[in-house]
Amino acid sequence: MLYNILTVFLMTTALMPPAMLQYYAFEPLLSQTQKIRVLGGYATLYLIELLFFLYMFIWGPWDHSFTLYKKIFVVAWIPHFLWAIATIRPYLFRHLYVFSIRAACTILIHTLSALILLALFHDPGSRPILPSLIYPAQWLFYILCYLALLPVLRRYFNEVFVKYRYLTTHKYWKYISMLPLSCCWTCTSSWPIRRTSSWTRCSCPG
């Protein structure tokens, strides 16, 4: 049970660095009331998701699997993103721009971790203890990498958004909002990562 709790805790915590980047990008533009509202909503969503995932994985019907973790990570970020859009206004296209860059970072970090784990744990049959460590290991690697990127990205967004704070409806943001993600997706989708059946059974979700 301790392993299940640790894995679910790390998975849920891994959702927060991108969500915090969505907040930090606009922090200089927010009033104290808005900051409290955003962070309070984040904390509430985090606790709800953590308790829900703990229940479903430990006492519920869910089991640890590559496919299930993939599906969860694809959709679990949505409540935090919608909350940021609802409470930090009126910056829709800037939100999309931040989302585009944070999603690009997510793709790059998960691709890097997949390459590393594929190289290290490609033959789990020879190391029986390793498969059970892969799930928390990849989540921890992802969290640490994203935390390392946060100060740089936060400084970048703060400088850009403060400088152009009055151009909330400028066509510039509309046109470039999804450009970083599109470029990253194009690059990473061409990387030849061959997944064997053993990797699929043991790999962590992205």
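This is a predicted model: local features need pLDDT of at least 70, side-chain atom pairs count only at pLDDT 80 or more; totals for chains, interfaces and linings use all residues.

Me: How many aromatic pairs does the structure hold?
Reply: The pairs are formed by rings of Phe, Tyr and Trp whose centres lie within 6.5 Å. The total for the structure is 14.

Me: What is the geometry of the pair between Phe73 and Tyr142?
Reply: The ring centres are 5.7 Å apart. The planes stand at 90°. Because an angle over 60 degrees counts this way, the pair is edge-to-face.

Me: Which helices does the pair of Phe73 and Tyr142 link?
Reply: Both residues are buried. They sit 69 residues apart, so to speak in distant parts of the chain. Phe73 belongs to residues 66-75 and Tyr142 to residues 130-163. Those are helix 4 and helix 7.

Me: Is the pair of Phe81 and Phe99 stacked, edge-to-face or tilted?
Reply: The centres are 5.3 Å apart, with 45° between the planes. Stacked needs under 30 degrees and edge-to-face over 60. The angle falls between those cut-offs, so the pair is tilted.

Me: Where in the chain are Phe81 and Phe99?
Reply: They are 18 residues apart, and their pair links distant parts of the chain. Phe81 lies within residues 78-87, and Phe99 within residues 92-120. That puts Phe81 in helix 5 and Phe99 in helix 6.

Me: Is Phe81 buried or exposed?
Reply: Its relative accessible area is 8%. The cut-off for buried is under 20%. Phe81 is therefore buried.

Me: What about Leu96: buried, partly exposed or exposed?
Reply: Leu96 is in helix 6, with its C-alpha 9.7 Å from that of Phe81. Its relative accessibility is 23%. Buried needs under 20% and exposed over 50%, so Leu96 is partly exposed.

Me: Which residue lies over the face of Tyr24?
Reply: This contact sets a charge over a ring. The distance to the ring centre is 4.0 Å, inside the 6 Å limit. The residue is Arg154.

Me: How are helix 3 and helix 5 oriented to each other?
Reply: Their axes are 10 Å apart, at an angle of about 165°. Angles over 145 degrees count as roughly antiparallel. Helix 3 and helix 5 are therefore roughly antiparallel.

Me: What is the handedness of that crossing of helix 3 and helix 5?
Reply: Helix 3 brings residues including Tyr42 and Leu45 to the contact. Helix 5 brings residues including His80 and Trp83. The crossing is right-handed.

Note on methods: Residues are numbered from 1 along each chain as its sequence is written. Side-chain values use heavy atoms; hydrogens and water are left out. Rings of Phe, Tyr and Trp (its six-membered ring) pair if their centres lie within 6.5 Å; planes under 30 degrees apart count as stacked, over 60 as edge-to-face and the rest as tilted. Helices (H or I, at least four residues) and strands (E, at least two) are DSSP runs, numbered from the N terminus. Buried means under 20% relative accessible area, exposed over 50%, partly exposed in between (1.4 Å probe, protein chains only). A charge sits over a ring if NZ of Lys or CZ of Arg is within 6 Å of the ring centre and within 35 degrees of the ring normal. Axes are lines fitted to C-alpha atoms, for helices over the stretch in contact, and angles run from 0 to 180 degrees between N-to-C directions. Angles under 35 degrees count as roughly parallel, over 145 as roughly antiparallel, 65 to 115 as roughly perpendicular and the rest as oblique. A crossing is left-handed if the near helix is turned anticlockwise from the far one by less than a right angle, and right-handed if clockwise. Contact means heavy atoms within 4.5 Å.
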